[in-house]
Amino acid sequence: MDPSHGGDSQPSVMHLRHRTLVLLAAVLVAGPWVATPAGDLEPPGPPGPTMKPLSEIEPRRPIHPDMLPFTISESGSYYLTGHVETDGGGITIEASHVTLDLAGFTLKGGVGHGIFGTWLSSDITIRDGTLEGWENDGIHLEGADTRIERIRSRNNGGHGIYVYSFALVRDCETAANGLSGVYVLYTQGRVLDTRSNDNNQNGIVMLANGGTIRGCYAGHNRLNGIRVEEGTAVVDNTSYNNGWGTETKCGILVTGGSNVIDGNAVIANNIGIQIDDSGNVVVRNVLVENYRPRVKHRLGIDYESMRK
């Protein structure tokens, strides 16, 4: 401090240099950010959609009750949106590669079949619902490679479920139909874990070479519990109290050859098991309280010793 200047303090040269250097460093640091342009503020185009279309969220096609009678003429996935009770027609499938989900609802009719697939339609899946009160069959599919799963078909004038080659019927129930519960034609059909009772004809019919009936229950049907023709495996089923409409019907009826009848429980039927042809294997079946012969063979072959 210099007393000749009235006591006012002045910054030293070193102090001024320090302030200058600090200020210059701040400018250098901030400089690039200040100088950087903000870019083009105009958008490149209109904004795109921010939500998925309904066809992506729910790609299946709805069938509303007021749309019946309804014809499926295009491949795809369809679902029923509510219970149906109609005096008219049901659902007709004219296309291949179709999935029809009844979504737990009842399709009650009506004239004709509840669900009808023409012979031109193949690869059809029908699941999760009830067919009731139709004039003819509950489900009638004439094309190959069909799958019927978790379906109840009851009180129809014809068959409960009627299918052709390479069909799978699994985890279904058929009851009180005017003809048979499940009817399979031609080749390599499979009926698995299915219940068929109180039908006016047979419980389960397999007229399909290379077929399988496994884990099923057939009970209180007026004719046969299970009827097969040729080349079918009938394994681990229960046939109970069938043949009440006539003295000649059976728990299990075999009309052809090359069948395997294995491990079935055949209980309280008119005839236990009847074999009408040679070349069949009948083993490990349990027969209890059947009214007529436990195992009857029309060609005179004694299967009685093979029942256990």
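Author: Contact here means that heavy atoms lie within 4.5 Å of each other. Among the contacts in the chain with a separation of 6 or more, residues 24 or more positions apart account for 27%. The model is predicted, so local features need pLDDT of at least 70 and side-chain atom pairs count only at pLDDT 80 or more, while totals for chains, interfaces and linings use all residues. Residues are numbered from 1 along each chain as its sequence is written, and side-chain values use heavy atoms, with hydrogens and water left out.

Some background on the chain comes before the pairs. The chain holds two helices and 30 strands; these are DSSP runs numbered from the N terminus, helices being H or I with at least four residues and strands being E with at least two. Of its 308 residues, 43% are buried. Buried means under 20% relative accessible area, exposed means over 50%, and partly exposed covers what is in between, with a 1.4 Å probe and protein chains only. The accessible surface of the chain comes to about 16000 Å², and carbon and sulfur atoms hold 54% of that surface. Accessible areas come from the Shrake-Rupley method with a 1.4 Å probe, and for residues only the protein chains shown count as cover.

Now the salt bridges. The term is used for a side-chain nitrogen of Lys or Arg within 4 Å of a carboxyl oxygen of Asp or Glu. Searching the whole structure gives nine of them.

One of them joins the side chains of Arg152 and Glu173, with 3.6 Å from N to O. Arg152 belongs to strand β11 (residues 146–154) and Glu173 to strand β14 (residues 173–175), so this pair ties together parts that are 21 residues apart in sequence. Both ends are partly exposed: Arg152 has a relative accessible area of 41%, and Glu173 has 39%.

Arg152 also turns up in the surroundings of Thr130. Thr130 is part of strand β9, and with a relative accessibility of 6% it is buried. Apart from residues up to four places away in sequence, Thr130 touches Leu102, Phe105, Thr106, Leu107, Arg152 and Arg154. Arg152 is therefore partly exposed, while Thr130, which it touches, is buried.

A further salt bridge links the side chains of Arg147 and Asp145, at 3.2 Å from N to O. Arg147 is partly exposed at 21% relative accessible area, and Asp145 is partly exposed too, at 35%. This pair belongs to a network of salt bridges that links Asp123, Asp145 and Arg147. Asp123 sits in the loop between β8 and β9 (124–132). Its relative accessible area of 22% makes Asp123 partly exposed. The backbone of Asp123 deserves a note: its phi is positive, about 55°, although Asp123 is not a glycine.

The pair of Arg284 and Asp262 is another salt bridge, with its closest N and O atoms 2.6 Å apart. Arg284 is in the loop between β28 (281–283) and β29 (286–288), and Asp262 is in strand β25 (residues 260–262), so the pair ties together parts 22 residues apart in sequence. Arg284 is exposed, at 55% relative accessible area, whereas Asp262 is buried, at 12%. Arg284 has a positive phi of about 55° as well, and it is not a glycine.

Gly211 lies in the loop between β18 (204–209) and β19 (212–214), and its relative accessibility of 4% makes it buried. The C-alpha atoms of Gly211 and Gln188 are 4.3 Å apart, although 23 residues separate them along the chain. If neighbours within four places in sequence are set aside, the contacts of Gly211 are Gln188, Gly189, Met206, Gly231, Thr232 and Ala233.

Cis peptide bonds also occur in loops. The bond from Leu68 to Pro69 is cis, with omega near -5°, and Pro69 lies in the loop between β1 (61–63) and β2 (70–72). The bond from Gly109 to Gly110 is cis as well, with omega near 0°. Gly110 lies in the loop between β7 (106–108) and β8 (115–117).
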